[in-house]
Amino acid sequence: MKYALLNRDIRAKKDTIFFMVCIGVYVLLSSVLYYAVPHISSHLDIDSLWYDKYAVHFFQTGSITAPHGPTAAPEHTIGYPLIMSLIYKVFGYTFTPIILIQIVCMIILMWALFNMTYRLFGPLSARIVAVLSILNVGVLVYPQFVLTETIVTCLIVLFLERFTKFWQTASRTVLVVSATFLGASLIVKPVALYFIPVVACFVPLYVSGMRKKFMAILLFLTIALAPLVGYMTRNKVLYNHFHFAPVVSINLYEWYLVKVIAAVHDITPSEAERMIPPFEAHNGLDENGWEPAKKLLLWYLAHHPYTCISVWMKNVMKTALGLFSTHLKLLLNPMLRGGDITFFSGTGSWWNKIVTYVSSGAPNRLVVAIAAAESMWSILRWLLIVSAGMLLWVRKRYAILAFFMLFVAYNLMITGHDGCGRYRFIIEPQLIMLTAFALAAWWDILMQRRVRELGVSVYNNYAPIPVVSYQSKSRER
């Protein structure tokens, strides 16, 4: 027994050293990429301009209001611009500290992902996660941009790491910490807002007794929603509207509806945009101002449902298969602007579109090679993720399968208004984890076949920590 525990401690130490080496490689690659960026403005995407404008206003005036007027509500939640303004206050108006802090956030994310994978699927999967993370184009690129993706994804992974820890401990303290991370992510970007009820359904699975189940759900929802409710209360006081931001309506009526109209009438997006009724209210938080556009969207949904569905699913596919290399090109090529490179803007056959999407805008052959490798890996990885789901089903890990597949599906489906590979970064850590599990599991199956005649497995010590709510007789990776 002591010998087994000693072996486990030695392996854990080696795994920690392995992870630290991977982090060292990641810092080196991030440094090389940072110094390869040709101009400081290359760190700005289209959305970055909005964040920077608000952050500068907060920094210069000390007023957390919209730059164009104290009575005008911000289009997005202000968590990220507020963080930026605090950085400007400490370091001055420069993007470098923001990038450095985001790289640190990405290291924290990888640490949390490594720990979560280690507990759920074992050391081999965790080591594969570490390698796949530092080689992931998005993990390297997005901390270099003044965008919300890094911080909000870090908070969500921290939530997932603690929530899966709650599965194994049923600890209220762990549940509170997980809910706190989730609630904080909503103020940065409320991408997980509509997934909270789904998460709440998983809380009682790991708590015994009806009263304790109810109290656990209530505790989780209270902590998770408290930051957003507080933010909405602030909006009520300042703008007389109990609402977090008009971003959902903007996505539907200014981005999605344009694409639907353009597809139905075979016209350009700029022509379709002129057909949409303008917003008719004095405050962006007033949903009544969208009523004419809402009626128009409902008309198209009623009369052209298949076109509406196809437009939405086309954007979902753009998110699922979009390349992070597109933003690598944007980072390294100062001639590009956000939105210049899209798959569907290409002409000719599907193959010609793929070649154009992979190669266009690349400043050198290395970037083309990276984009080509990412495109091939993207297809293979989705096959591995599907196989991961099958393996989890066979091994009766139903709760883990349902939770993570619902999380992935939810975050893909909500991008139907305007698909982009960048939107997938929210779930990229989970995709990396599922891919690592599939690779480790298939490797285990291969090795088990090789040693079957010996009647003993060489991987007996690679089992994950069991979840308290159910027992799994199979070894996971």
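Tutor: Welcome! A charge sits over a ring if NZ of Lys or CZ of Arg is within 6 Å of the ring centre and within 35 degrees of the ring normal. Here, the charged end of Arg 424 sits over the ring of Phe 324, 4.3 Å from its centre. This is a predicted model, in which local features need pLDDT of at least 70, side-chain atom pairs count only at pLDDT 80 or more, and totals for chains, interfaces and linings use all residues. Residues are numbered from 1 along each chain as its sequence is written, and side-chain values use heavy atoms, with hydrogens and water left out.

Student: How many aromatic pairs does a search of the whole structure find?

Tutor: Rings of Phe, Tyr and Trp (its six-membered ring) pair if their centres lie within 6.5 Å; planes under 30 degrees apart are stacked, over 60 edge-to-face, and the rest tilted. The search of the whole structure finds 33 such pairs. One of them, Phe 19 with Phe 114, is tilted, at 4.9 Å centre to centre and 35 degrees between the planes.

Student: Are Phe 19 and Phe 114 buried or exposed?

Tutor: Buried means under 20% relative accessible area, exposed over 50%, and partly exposed in between (1.4 Å probe, protein chains only). Both Phe 19 and Phe 114 are buried.

Student: Which kind of aromatic pair do Phe 195 and Phe 403 form?

Tutor: Phe 195 and Phe 403 are edge-to-face, 5.9 Å centre to centre with 65 degrees between the planes. Phe 195 is buried at 3% relative accessibility, and Phe 403 is buried at 0%. Both belong to one aromatic cluster, whose members also include Trp 167 and Tyr 410.
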